[in-house]
Amino acid sequence: MSVLNGKKILLGVSGGIAAYKTASLVRLFIKAGAHVQVIMTPASKDFVTPLTLSTLSKNPVHSSFFNQDDEDAVWNNHVDLALWADLMLIAPATSNTLSKMTTGNSDNLLVATYLSAKCPVYFAPAMDLDMYKHPSVLSSFTALKSFGNIMIPAESGELASGLSGEGRMAEPENIIAFLEADLESKLPLKGKKILITAGPTYEAIDPVRFIGNHSSGKMGFDLANEAANLGAQVILVAGPTHYKAKNGLVEVINVVSAQDMYDVCHEYFNNVDVAIAAAAVADYRPKVVASQKIKKAADEFSIELEKTKDILASLGAIKKNQFLIGFALETENEIENAKLKIQKKNLDLIVLNSLQDEGAGFKKETNKVTFIDQDFKIEPMELKSKESVAVDILNKVVLHFAKS
Ligand code: CTP
């Protein structure tokens, strides 16, 4: 999945012949799963029509401060547009637009929006070879880079003037590749390996029966997706569940029993930076698993159970530098019990679910958690979707690496 998936992209098109290539560019953004809004300078409309770009972007194209054609003139709010964007790209960026960007000459919607943008801004220059080397243009590049904007260098080749040399706007495919590589390199968990457990475990009684629980696995899958979105390499060890990883980069290892989960976790743990135990592992399993289906005979029937291995505690016992996060599901003395689990299982952070909180627990879309860290700092969170809880948990991981 492209790192551009779900990103809100503001494409600023200025007036150069390369503007015709923005049709392909918008199409590639949409194909990558991005949301696109386009701002055109008045001059760019001579090279590509707003209708083309609005059709491809599935959004109206903005080009003036207000829409003259509307009966009640509607103001195009450049501040809102700028704040909407996760990323702004000016392509093609002509020498005129680049110069206005450096001096703050906001006589068109594109430059006014640029000046309001807080998101990363990229620009892909396009001009003739001598213009591309002119000191005034070079000083625009230097100024814009000093503002933190990122240049996508022009390519060499045949130019509209008939001359050949450096100055062609980078090809749309190359612009996409540049953006993807740049965004990926800046993901906060890039280079980190994360092991996550999810779902229930099934403990066999006989070939057709098992002891299980109602865990859906959603929390663990949301964590895995979010961790992968943040650039981590994710190994998700999942008990029986119908969930699939939305992010195709998550490596899912399906297991059935607590022992299977234990074995897989221990295979990977030494090589990971973070482990998050979100699985609802069975605490007990039948001591003997019948090799044939148990027939009903006596009126009463009991199964002798034995403890399963505590996976999280076993990882805590051998951990070196791994950041270890566990969950605790409690119904009473929540904080005290969770604190005891931090110590007993040697955790860095525990995510406490109280079944007394409405909206928390199994088979729910939402969760209400409290974070407790190693120093017993307690941080209660609001009731939110499990996706948002996953974001909060991974923010703790990002923060941990930012500090260390
Ligand atoms: N856990 C685990 N292996 C087990 C049991 C639990 O890895 N055999 C992990 C869970 O994934 C969770 C944490 O331990 O992150 C807490 O599990 P929980 O069931 O709340 O606590 P227990 O330690 O099992 O204690 P109790 O059931 O007595 O509360």
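Residues are numbered from 1 along each chain as its sequence is written, and side-chain values use heavy atoms, with hydrogens and water left out. Because the model is predicted, local features need pLDDT of at least 70 and side-chain atom pairs count only at pLDDT 80 or more, while totals for chains, interfaces and linings use all residues.

The protein has 13 helices and 23 strands; helices (H or I, at least four residues) and strands (E, at least two) are DSSP runs, numbered from the N terminus. Its radius of gyration is 28 Å, well over the 22 Å that the globule rule gives for 404 residues, so the protein is more spread out than a compact globule. That radius is taken over C-alpha atoms, and the globule rule is 2.2 Å times the number of residues to the power 0.38. Along the principal axes, the C-alpha trace spans about 90 × 45 × 45 Å.

Of the 404 residues, 48% are buried. Buried means under 20% relative accessible area, exposed over 50%, and partly exposed in between (1.4 Å probe, protein chains only). Among contacts with a separation of 6 or more, 66% are between residues 24 or more positions apart; a contact means heavy atoms within 4.5 Å.

Two strands pair if DSSP finds at least two bridges between them. β1 and β2 run parallel and are joined by six bridges; leucine 11 has valine 38 in β2 as its bridge partner.

Helix α1 (residues 22-31) has the buried residues Thr22, Ala23, Leu25, Val26, Leu28 and Phe29. An α-helix has 3.6 residues a turn, so residues three or four places apart point the same way. The cover over the buried residues of α1 includes β1 (8-13), β2 (35-40), α2 (50-57), β5 (87-93) and α8 (172-185). After α1 comes glycine 33, whose phi is positive, near 95°.

Threonine 113, in helix α5 (residues 109-116), is buried, with a relative accessible area of 0%. Which residues is threonine 113 in contact with, leaving aside its neighbours within four places in sequence? They are Leu10, Ile39, His78, Leu81, Ala82 and Met88.

Strand β10 (residues 193-198) belongs to another part of the chain. Five of its six residues are buried, so β10 is largely enclosed by the rest of the structure. It runs parallel to strand β13 (residues 233-238), with six bridges joining the two, and pairs with strand β15 (residues 274-277), also in the parallel sense, over four bridges. Isoleucine 194 has a bridge partner in each of these strands: valine 234 in β13 and valine 274 in β15. Strands of a sheet pair through backbone hydrogen bonds, either parallel or antiparallel.

Glutamate 267 and lysine 309 are 42 residues apart in sequence, and their C-alpha atoms are 15 Å apart in space.
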